Amino acid sequence: MAGLRDPLDDVLDGWVAGQDLSAKAFHFVQVVPGGIFAAATAGQRGIIGVLLNAPKLGEQCLIAGGKQVEVIAGGAIAQGDTLMSQTDGKAITAAVSAANHVFGFALEAASGAGVRFRMAFGYHGPMANDL
């Protein structure tokens, strides 16, 4: 049917479970420091999507959610950081402020400004909840 997309187009793959997620298929998962995935808990930021499989610790996760894209860093970024845009449109680690909005999470680290890296893109709202 025209206009329909394959839901697997937005699957994030190649990432590993940071804990046993074998009982968490079709649950929300989040990025944690180190860029691994863990079961989401109530009120958490960093939720990246829904787990489509049931991996054990260290096994590959298949996650439906934010679109995986490449972006240019405005500075050093750690894997798992929440991301916002700086004034020139480059990605930087989101600073806590009601005026700053999160547009995704770093799927890999960037060593400094001008480095292209992968992120999971998706609007996650303002950082106001951390004030």
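**Cores, salt bridges and loops of an all-strand chain**

Good morning. The largest nonpolar core has 19 residues, and those with the most contacts inside it are Leu-12, Leu-21, Phe-37, Ile-48, Cys-61, Ile-63 and Leu-107. By nonpolar core I mean a set of buried Ala, Val, Leu, Ile, Met, Phe, Trp, Tyr and Cys residues joined through side-chain atoms within 4.5 Å. Buried means under 20% relative accessible area, exposed over 50%, and partly exposed in between, with a 1.4 Å probe and protein chains only. At least two residues of this core come from each of β1 (11–16), β2 (28–32), β3 (36–39), β4 (47–51), β5 (60–65) and β9. A second, separate core of nine residues includes Val-71, Ala-110, Phe-117 and Met-119.

Two remarks on the source. This is a predicted model, in which local features need pLDDT of at least 70 and side-chain atom pairs count only at pLDDT 80 or more, while totals for chains, interfaces and linings use all residues. Residues are numbered from 1 along each chain as its sequence is written, and side-chain values use heavy atoms, with hydrogens and water left out.

Now the chain as a whole. It contains zero helices and 10 strands; these are DSSP runs numbered from the N terminus, helices being H or I of at least four residues and strands E of at least two. Of the 131 residues, 35% are buried. Contact means heavy atoms within 4.5 Å; among contacts with a separation of 6 or more, 53% join residues 24 or more positions apart.

Not counting residues up to four places away in sequence, Leu-21 touches Val-29, Phe-37, Ala-38, Ala-39, Leu-51, Ala-54, Pro-55, Lys-56 and Cys-61.

I turn to the charged pairs. How many salt bridges does the structure hold? There are three, a salt bridge being a side-chain nitrogen of Lys or Arg within 4 Å of a carboxyl oxygen of Asp or Glu. One of them joins Glu-70 and Arg-116 at 2.9 Å, N to O. Because Glu-70 lies in strand β6 and Arg-116 in strand β10, this pair ties together parts that are 46 residues apart in sequence. Arg-116 is exposed, at 58% relative accessible area. Arg-118 pairs with Glu-108, the closest N and O atoms being 3.1 Å apart. That pair links Arg-118 in strand β10 to Glu-108 in the loop between β9 and β10, 10 residues apart. Arg-118, at 28%, is partly exposed, and Glu-108, at 23%, is partly exposed as well. Asp-88 and Lys-90 form a salt bridge at 3.8 Å, N to O.

Asn-100 lies in the loop between β8 (91–93) and β9 (101–106). Is Asn-100 buried or exposed? Its relative accessibility is 16%, so Asn-100 counts as buried. The side chain of Asn-100 reaches the backbone oxygen of Ala-95 at 2.9 Å. Ala-78 sits in the loop between β6 (67–72) and β7 (82–85), where it touches Ala-106 and Ala-109, residues up to four places away in sequence not being counted. Phe-26, in the loop between β1 and β2, has a phi near 65 degrees, a positive value in a residue other than glycine. Most residues other than glycine have a negative phi. With 62% relative accessibility, Phe-26 counts as exposed.

Thank you.

Technical notes. Polar contact = N/O pair within 3.5 Å; in protein donor to acceptor, adjacent residues only side chain to side chain.
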